[in-house]
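Subject: Structure handover

Dear colleague,

I am passing on the structure below. Please look through it before reading the notes that come after.

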Amino acid sequence: MLSPEILADPVELTRALVDVESVSGNETRLAGQVEAALRGLPHLSVERIGNVVIGRTGNDRQQRVILAGHLDTVPVAGNLPSRTEGDLIHGCGTADMKSGAALALHLAATVEGPRYDVTYLFYDCEEVESERNGLYLLSRSHPDRLTADFAILLEPTYGLVEAGCQGTLRAMVTATGRRAHSARSWLGANAIHAAGTILRTLEAYTPRSVTIDGCTYREGLNAVRITGPRAVRRVRRAGDRLGAGREAGAGGDARQGVPGRDRPAAAGEAGLDRRGPVCGAGRARAELRAGRSEPRAYPRGARGDLQDPGWRRHPSAMARRVTGRHHGRWLR
Ligand SMILES: [Zn+2]
C-alpha cells in the first residue's frame, strides 16, 4: 500500500515501487497499487484498462501534458529487494524506470492544481515485444486517452530531454554453403567463412549522426546474434564428416530509423542489399531478409513542434540539453 507519507517522498516511493516485483507480464499487483494510490486523490479522475492506469486532472486548462512511464522491468537478477548505498538506490528497475514512475506518481499526489492539465499514464509490457506494449495497445483501443499538447516519457536519460525516437530495422543474414568432406573442402563452400564477410561489413560500418531541428540522432548497427550449422557439432563428435557448414546466420539489429531515411536505404548503406546475395566466399552465398522493424517517430505532432519556442522553454529549463532520442520507444 502506498501511504500518503510514501507518496510525498520520491526516494521512499521509488524504493516502494522497486520492491513490488513487476517483470513484464507480472504487473497486476503493482498496477493495483498505483491505481489505489491515484483513486485516493480527489483531484484526479482515474481509469484502469488492463494493466494501464490513467489519472487525469480536469481543470479546464488550455493545454494538457502527459507524464508517462512503464511499470514493468527486465527479469530480476538477484537484485530485489532494493537497497541503498550512500545516496544510490540499487534494485531491479530502479533507473529504468521506477524512479520515473515514482516521480509522476509523486507529482500526481502532491500537485493538486498544476499549470497545465496533466494525464498521468502508467503502462505495462514495455520491456518486451511491441505487440504487448500497454502504451501501443492503448493507442489502438483508446487513442483519445493520449490526446495532449505535449508528452514526456520519464525514461532515464541523466537529465537530458531526448526528442522523438529512432525506429529499428531487423534483418537476418543467412550464408549458405555446400557440404564437403573436410579432406575435400575445395569441393564445398564454407558458409561460416562467408559469415566473416558479413561481420567485417558490420565492423566497417560508420554510423551516421543526423541533426534535425537542432536535435542530433545517432544511428547504430549491431549484430545481436549469430548461429552456426548443426552439422558442425556433428563434425566435432564424429570428426570425419564435414568441412563446410551449410548455414551460418547472423542476426543484425540495424538501429537506424533516423527520421528521413527509409529501410532499404539503411540496409544498403550498411552494405546489405535487400535483393541479396550480398557477399561471396568461394561459392557460399549470403542473403538478407528484412525482419521485424519498428517505426521511427518524431516528437508527437509535426517536425515544426521542435521549433516552437514554448516547447523548448520548459523542458530545457529542467534539462542540461535537448537531444535526439537514441533508443526505446515514444508515444506514437
Ligand atoms: Zn524503460
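This is a predicted model: local features need pLDDT of at least 70, side-chain atom pairs count only at pLDDT 80 or more; totals for chains, interfaces and linings use all residues.

Residues are numbered from 1 along each chain as its sequence is written.

The chain has nine helices and 16 strands; these are DSSP runs numbered from the N terminus, helices being H or I of at least four residues and strands E of at least two. Of its 332 residues, 36% are buried. A residue is buried if 20 or more other C-beta atoms, placed from the backbone, lie within 10 Å of its own, exposed if 12 or fewer, and partly exposed in between.

The largest nonpolar core holds 38 residues, and Leu17, Val34, Ala101, Leu105 and Phe122 have the most contacts inside it. Such a core is a set of buried Ala, Val, Leu, Ile, Met, Phe, Trp, Tyr and Cys residues joined through C-beta atoms within 7 Å. Among the elements that give two or more residues to this core are helix 2 (10–18), helix 4 (94–110) and strand 6 (117–123). Helix 4 gives the most, with seven residues. Another core, of nine residues, lies apart from it and includes Val173 and Ile198.

Leaving out residues up to four places away in sequence, Ala101 touches Leu17, Gly69, Leu71, Phe122 and Leu154; contact here means C-beta atoms, placed from the backbone, within 7 Å.

Helix 2 and helix 4 pack at about 125°, with their axes 8 Å apart. Axes are lines fitted to C-alpha atoms over the stretch in contact, and angles run from 0 to 180 degrees between N-to-C directions. The two helices are therefore oblique to each other (under 35 degrees is roughly parallel, over 145 roughly antiparallel, 65 to 115 roughly perpendicular, the rest oblique). Residues making the contact include Leu13 and Leu17 of helix 2 and Ala101 and Leu105 of helix 4.

Two cis peptide bonds are worth a look. One joins Leu80 and Pro81, with omega about -5°, and Pro81 is in the loop between strand 3 and strand 4. Another joins Asp96 and Met97, also with omega about -5°; Met97 is in helix 4.

Asp60, not a glycine, has a positive phi of about 55° and is exposed, with 6 other C-beta atoms within 10 Å. Cys125 also has a positive phi of about 55°, but is buried, with 24.

Regards

Definitions and conventions. Two residues are in contact if their C-beta atoms, placed from the backbone, lie within 7 Å.
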